[in-house]
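The following exercises are to be worked with the sequence and the coordinates at hand. Each task is followed by a solution in steps.

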Amino acid sequence: MANSEKKATKVLKWVKKGMRYLDNLVESYPETKDVYVWRSMTYSNFPEIMGARSIVEKDLEILREGDESGNW
């Protein structure tokens with residue numbers, strides 16, 4: 001494996017680990033506005049191929065609903 005491929009594999013591993021961490025935060029603290037903000041901000045920077053757009057849209061909808069209902 002070429003050095004650049006090793007680096008890309010390592011980076012992808014850390015990105016996936018970070019995604020799991022943020023997903024676990026949302027599961028553990030579903031009533032906390034900040035976890036949705038952090039995840040949506042982070043995921044919105046991912047390339048389309050990672051499929052994070054639908055999660056960002058869902059998080060933004062949850063944030064909007066929470067704001068409109070006065071929960072946050």
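The pLDDT is the predictor's confidence in each residue, on a scale from 0 to 100. The model examined here is a predicted one.

**Exercise 1. Confidence**

Task: State the average pLDDT of the protein chain, and determine in which helix confidence is lowest and in which it is highest.

Solution. 
Step 1. Averaged over the protein chain, the pLDDT is 94. A score of at least 70 is reached by 99% of the residues.
Step 2. Confidence is lowest in H1, where the mean is 93. It is highest in H2, at 97.
Step 3. A caution applies to such values: where pLDDT is low, the predicted coordinates should not be read in detail.

**Exercise 2. The buried residues of helix H2**

Task: Identify the buried residues of helix H2 and the helices against which they pack.

Solution. 
Step 1. Helix H2 spans residues 33-43, and its buried residues are Val35, Tyr36, Arg39, Ser40 and Tyr43.
Step 2. These residues lie on the same side of H2, because they cover an arc of only 120° around the axis.
Step 3. The packing partners of the buried residues of H2 are helix H1 (3-28) and helix H3 (53-69).

**Exercise 3. The surroundings of Arg39**

Task: Is Arg39 buried or exposed, and which residues does it touch, not counting residues up to four places away in sequence?

Solution. 
Step 1. Arg39 is found in helix H2. Its relative accessible area is 7%, and the limit for a buried residue is under 20%, so Arg39 counts as buried.
Step 2. With residues up to four places away in sequence set aside, Arg39 touches Leu22, Asp23, Val26, Ile55 and Asp59.
Step 3. The C-alpha atoms of Arg39 and Asp23 are 7.7 Å apart in space, while the two residues are 16 residues apart in sequence.

**Exercise 4. Salt bridges**

Task: State how many salt bridges the structure holds, and describe those of Arg39 with Asp23, Arg53 with Glu57, and Glu68 with Arg64.

Solution. 
Step 1. The structure holds five salt bridges.
Step 2. In one of them, the side chains of Arg39 and Asp23 meet at 2.9 Å, N to O. This pair links distant parts of the chain, with Arg39 in helix H2 and Asp23 in helix H1. Arg39 is buried, whereas Asp23 is partly exposed at 23% relative accessibility.
Step 3. Arg53 and Glu57 form a salt bridge with an N to O distance of 3.0 Å. Both residues lie in helix H3, four residues apart, about one turn of the helix. Arg53 is exposed, at 53% relative accessibility, and Glu57 is partly exposed, at 44%.
Step 4. Between Glu68 and Arg64, the closest N and O atoms of the salt bridge are 2.6 Å apart. This pair also belongs to helix H3, with a spacing of four residues, about one turn of the helix. Glu68 is exposed, with a relative accessible area of 58%, and Arg64 is partly exposed, at 37%.
Step 5. Salt bridges with shared partners join Asp23, Arg39 and Asp59 into one network.

How values were computed
Residues are numbered from 1 along each chain as its sequence is written. This is a predicted model: local features need pLDDT of at least 70, side-chain atom pairs count only at pLDDT 80 or more; totals for chains, interfaces and linings use all residues. Side-chain values use heavy atoms; hydrogens and water are left out. Buried means under 20% relative accessible area, exposed over 50%, partly exposed in between (1.4 Å probe, protein chains only). Helices (H or I, at least four residues) and strands (E, at least two) are DSSP runs, numbered from the N terminus. The arc is that of the directions from the helix axis to the C-beta atoms. Contact means heavy atoms within 4.5 Å. A salt bridge is a side-chain nitrogen of Lys or Arg within 4 Å of a carboxyl oxygen of Asp or Glu.
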